[in-house]
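Hi everyone, thanks for making time. I'd like to walk you through one structure, picking out a few spots and then stepping back. Have a look at it first.

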Amino acid sequence: MTDIDLSLERLLFNLNTLAELGEEITSPKDFTRVVKSSLYMVMGSFSASRGAIFQHDPDRNAFYVIASKGLPSAARELSIKFAPETVKEIIKYNKPVDMRDANAAALLGRGKAELDKIGSRVVAFLIVKDELLGLISVNDRFTGEDFTLYDMQLLSVMAQHISFSLHSHSLLMRLMHKYTENKGLYENLRRIYYDTIHAFAAAIDAKDAYTRGHSHRVSAYSAVLAREMGWSTDEIEGIRIAGLLHDIGKIAVDKTIINKASPLTTNECRELNSHPVVGYEILSKIKFPWKGIPMMTRNHHEKVDGSGYPDRLRKSDIPMGARIMALVDAFDAMTTDRPYRPRLSFKEAMDEIKDNFDKQFDPEVVTPFISVIRKEVTGEVENRSIVPLLQEHLDAATISRLLDGFPCHIE
Ligand SMILES: [Fe+2]
C-alpha cells in the first residue's frame, strides 16, 4: 500500500466516523449515552485507550467529567477550575492543544496540572457562541504514534459536533431550571391567592354569629355536587372559589340586619337582598382564572320558577353553577342554627327540598345532590365531604327511608 492509499483510507475512515458521530449526536438517545458513545468514537479515531469529556457546571463554576474511558475511578471525580481570563483566552484560541507544546501551560493556566493528573495528551475545547461548555481530553495513542496536524484538525471538527450536543443539552437544562423556578413561584402565588380568598370567606362569615363556616361548607358541597354532575377539574375549582365568595356582598350589609332574630322591615330586607348584586359588583372587577364566579354569586338566590332575586331568572336562564349554589346554600342554611330558628333535621331539610322541587330548586341539581349524599352514607364513594359536615348521624337505612317517595329517580 502506498502512502497515498494509506492517507485515502484514513480519510475515508475518519469521514465515516464523523458521519456516525453526527448521527449519534442527533439521535433521541439519552444525553449520557450520546456523550459516552461520542467519546468512544473520538478515542477510536485516534487509537487512544483513555480519555474523558468534561462539562461546565455553571452552579459550581467548574468542569466535571461527564464521560470517561480507561481512567481510574478517582479521576472521574476530577474537577477543573479555570480563571476567567483563562476562559477568555481559550475561547479566543479555539483549537485543540497538544499538552506537550510549550503554549499549553500558558493557555490552560492552573487547569493544566489537573489535566496532567489524568495523563491528558491532547485537549479540544467545546465552544458554542463564545461560551466554553466543556472539553475533551484524549490520552496517548496505544500505537505510540504522535498526533499530527491532520489529527488535530479532525479532533477540532469532532469537538464542534459534540459542542452542539452539549449546547442543546445545556439549553434544555436551563429551560428545565427556569420551569422549576417558575413552577415554584406559581405555587407560591397560588397559595397566597387561596389564602386571600379563605381570609375573605372568614371575614364574610365573621359578620354572622350563626353562620360560621357557612361559606366553607357551601364551597365544599358545591364542589362535590359539581363533581357528581361530571364537571371538569377546572370548573370544580371555579365553583369551589365561588362558594367561598358567594356571600361577599354581605360585607356591605349592616351586621345588625344579618343577625336580627325578629322579622326584617322592608328596608332591611332590601338591604340584605342587595348582597348578590353587591357581590357581583365586587367580583366582576377581579380577573379570575376560572369562568362564571361573578354570575354564580349574583344568581345564587334565583329560583327556577322565576320568583328569586335579583334578576327573577327562570330555570335554564340561571347559570348551572348558581343553581348548584342555590341548593347547597339553602341546604346549609336549613341544617344550621339561625338567629330566628334552630336548625332543621336532615329529614326536615329534605322535606323542604321535596316541597320546593322544581319551584325553588332545579331537579337537575337536586337529583345528583341526593345521590351523592346516599353514596357517601353507604360508603360507595371513598371521600366523604358532605356527611361529615352534617350535625347528625345518618345510616344507610335512615337515608333510604328519608329519600323514599322523592319525586326523582335516585341512582
Ligand atoms: Fe346569599
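This is a predicted model: local features need pLDDT of at least 70, side-chain atom pairs count only at pLDDT 80 or more; totals for chains, interfaces and linings use all residues.

Let's start at N139, whose contacts, not counting residues up to four places away in sequence, are A48, R50, G51, G119, S120 and R121. Is N139 buried or exposed? Count the other C-beta atoms within 10 Å and you get 21; the cut-off for buried is 20 or more, so N139 is buried.

Now compare that with another loop, the one between β5 (122-128) and β6 (131-138), where we find K129. D130 is in the loop between β5 and β6 too. K129 has 8 other C-beta atoms within 10 Å, so it is exposed. D130 has 9 within that distance, and therefore it is exposed as well.

Why do I bring up these two? Most residues other than glycine have a negative phi. But K129 has a phi near 45°, which is positive, and for D130 phi is near 55°, again a positive value in a residue that isn't glycine.

You'll find P310 in the loop between α12 (293-298) and α13.

Okay, helices next. Two packed helices are described by the angle between their axes and the distance between the axes. Take α2, residues 31-45, with α6: their axes come within 11 Å and cross at roughly 175°. Anything over 145 degrees counts as roughly antiparallel, so that's what we call α2 and α6. On the α2 side the contact is made by F31, V34, S38, V42 and S45, and on the α6 side by L154, M158, I162, S165 and H169. Sort those residues and you get 6 nonpolar, 4 polar and no charged.

Helix α6 runs over residues 149-206, and it also meets α7, residues 214-228; here the axes come within 8 Å and cross at roughly 125°. That makes α6 and α7 oblique to each other. A201, I204 and D205 of α6 make this contact with H214, S215 and H216 of α7.

In soluble globular proteins, nonpolar side chains tend to be buried together. In our model the largest nonpolar core has 43 residues, and the ones touching the most other members are L225 and L327. Which helix gives the most to this core? That's α13, residues 320-334, with 8 residues. Leaving out residues up to four places away in sequence, L327 touches F361, V365, V366 and F369. Apart from that core lies another one, with 36 residues, including L39, L108, V123 and F125.

The chain is divided into two domains, with domain 1 covering 3-177 and domain 2 covering 207-403. How many Å apart are their C-alpha centres? The answer is 69 Å.

Notes
Residues are numbered from 1 along each chain as its sequence is written. Domain bounds come from an automatic or database domain assignment. Axes are lines fitted to C-alpha atoms, for helices over the stretch in contact, and angles run from 0 to 180 degrees between N-to-C directions. Helices (H or I, at least four residues) and strands (E, at least two) are DSSP runs, numbered from the N terminus. Angles under 35 degrees count as roughly parallel, over 145 as roughly antiparallel, 65 to 115 as roughly perpendicular and the rest as oblique. Two residues are in contact if their C-beta atoms, placed from the backbone, lie within 7 Å. A nonpolar core is a set of buried Ala, Val, Leu, Ile, Met, Phe, Trp, Tyr and Cys residues joined through C-beta atoms within 7 Å. A residue is buried if 20 or more other C-beta atoms lie within 10 Å of its own, exposed if 12 or fewer, and partly exposed in between; C-beta atoms are placed from the backbone. Ala, Val, Leu, Ile, Met, Phe, Trp, Tyr, Cys and Pro count as nonpolar, Asp, Glu, Lys and Arg as charged, and the others, Gly among them, as polar.
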